[in-house]
Amino acid sequence: MLTQEENDLLTRVTGDAPMARLMRQHWVPVCLIEEVAVPDGKPLRVEVLGEKYVAFRDTEGRLGLLDELCPHRKASLVYGRNEECGLRCLYHGWKFDVHGNTVAMSSEPEASPLKNKVKARAYPTQEWGGFVWAWLGDKEAMPAFMPPAFAPTEDTDIAILKIRVPANWAQIHEGQIDSAHSSSLHSSDMKPARVESASADDKSWYRPSTDRSPRMQTETTRYGFHYAAIRTPIRNAATHNYLRITEFIAPFYSLIPPNNAYNVASVIVPINDTETAFHFIAWGDRKTPTTEEWRRFNHAVPGEDLDPKWRPLRTLENDFLQDREAMAAGNFTGIQGIPNQDIAMWVSMGPRVERHSDTLGASDLAIVEFRRLMVDAARSVAEGGRAIGTEEPRTPQASIASREGIYPKEVDWRTLVREVTSTAAE
């Protein structure tokens, strides 16, 4: 359990909170490229770390990210006209380019020098791996953008679903790095089978184990931590272990052990203290599903499962559309879609969990490590230190990979992680 002070360090992500300052020392995935794909298209309100911005793609295809409110009289630029290489405020016609330069002031005299003195605050951006990444911190401290592990190259096949979840970022991260829950919560979708390793088709995921009580081991890294969930396999149970190795790359994402068709990752970005943008990703090569296939497989299709703002139609108020008849017929949760099952649990906890009263067990070792690591990291930033994962030399994220498989019991999973890292770095 955490003290109230520790829980605040972990969960407060707005304003000058240490965790917000930590996150602003990283490139932040602020929205999906698909949300701002059209030149001269509708501007997008971007909400992250308690702040609001406006993103737009100009006539020439350049991407801009500005503070949402016009520097003139603070009207929202989200409702502005995106035209002729700039975003024009509806209120008085002041217009700004992607760099924040004022290029027109309709309400001011033609010869007014004010245009050269006023600038909207603009933020550096990078488009990569399906996301728009932004640098929201001190520009003088901005490092070179580093491709994330789930998109090591520009041509990596990637499918992303997005859901706006009314819950704090930390309880979502804890859910994503919790291997033990999948054997219960997702048991109708992650089925034990006599397969050689984790497998997938368009209906379910399959695992070579019936073990619901994994043994956990963790190891801290420069970028976060990794851990192994060690289970008894269906085959060769006396001599082998089934290993699932998860990577947490602070502060935004985790690499979940892959299956035989594609890799899996989750990207978790705080909107504010009680809302989070959750992204669930399939990535890899030609076996990766399309974005449409991925969203349908996970029951996270905009217009069917989500509203236009990415909010789920399954809510606490309608009991997440849980089907009790399906449960009676054998479905464990009565909730369709792996992410939706998780969301029901995260939201049911309340918008921001008070961790001083929860009861942890042996299967929660990764949760304990996450809390310890990130509370210590936030405290370090509060004392003037560097954010976790930013100390030089930084670990190339493309060299980090999760892993799973059946191995002889004498194999130490840590050597497998180092083997993956070494191979990926070559």
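User: Let's start with strand pairing. How many bridges join strand 1 to strand 10, and in which sense do they run?

Analyst: Happy to walk through it, keeping in mind that this is a predicted model. Strands count as paired if DSSP finds at least two bridges between them. Here strand 1 (residues 28-32) and strand 10 run antiparallel and are joined by 4 bridges. For a landmark, look at proline 29, whose bridge partner in strand 10 is tryptophan 133.

User: What joins strand 9 to strand 10?

Analyst: Again 4 bridges, with strand 9 (residues 125-128) running antiparallel to strand 10.

User: Are the faces of strand 10 covered or open?

Analyst: Buried means under 20% relative accessible area. Phe131 and Trp133 on one side of strand 10, and Val132 and Ala134 on the other, are all buried, so both faces are covered.

User: Where can I see another hairpin?

Analyst: Phenylalanine 56 stands opposite glycine 64 of strand 4. The hairpin has 5 residues between its strands, and glycine 61 in the turn shows a positive phi of about 90°. Strand 4 (residues 63-67) is mostly covered, with 4 of its 5 residues buried.

User: And which residues gather in a patch of negative charge on the surface?

Analyst: Those are Glu154, Asp155, Asp157 and Asp285. Glutamate 154 lies in the loop between strand 10 (131-134) and strand 11 (157-165). Its relative accessible area is 69%, so glutamate 154 counts as exposed.

How values were computed
Residues are numbered from 1 along each chain as its sequence is written. This is a predicted model: local features need pLDDT of at least 70, side-chain atom pairs count only at pLDDT 80 or more; totals for chains, interfaces and linings use all residues. Side-chain values use heavy atoms; hydrogens and water are left out. Patches are made of residues with over 30% relative accessible area and no salt bridge: like charges are joined within 9 Å, nonpolar side chains (Val, Leu, Ile, Met, Phe, Trp, Tyr) within 5 Å. Accessible areas come from the Shrake-Rupley method with a 1.4 Å probe; for residues, only the protein chains shown count as cover. A salt bridge is a side-chain nitrogen of Lys or Arg within 4 Å of a carboxyl oxygen of Asp or Glu. Lys and Arg count as positive and Asp and Glu as negative; His and the chain ends are not counted. The place of a charge is taken as NZ of Lys, CZ of Arg, CG of Asp or CD of Glu. Helices (H or I, at least four residues) and strands (E, at least two) are DSSP runs, numbered from the N terminus. Buried means under 20% relative accessible area, exposed over 50%, partly exposed in between (1.4 Å probe, protein chains only).
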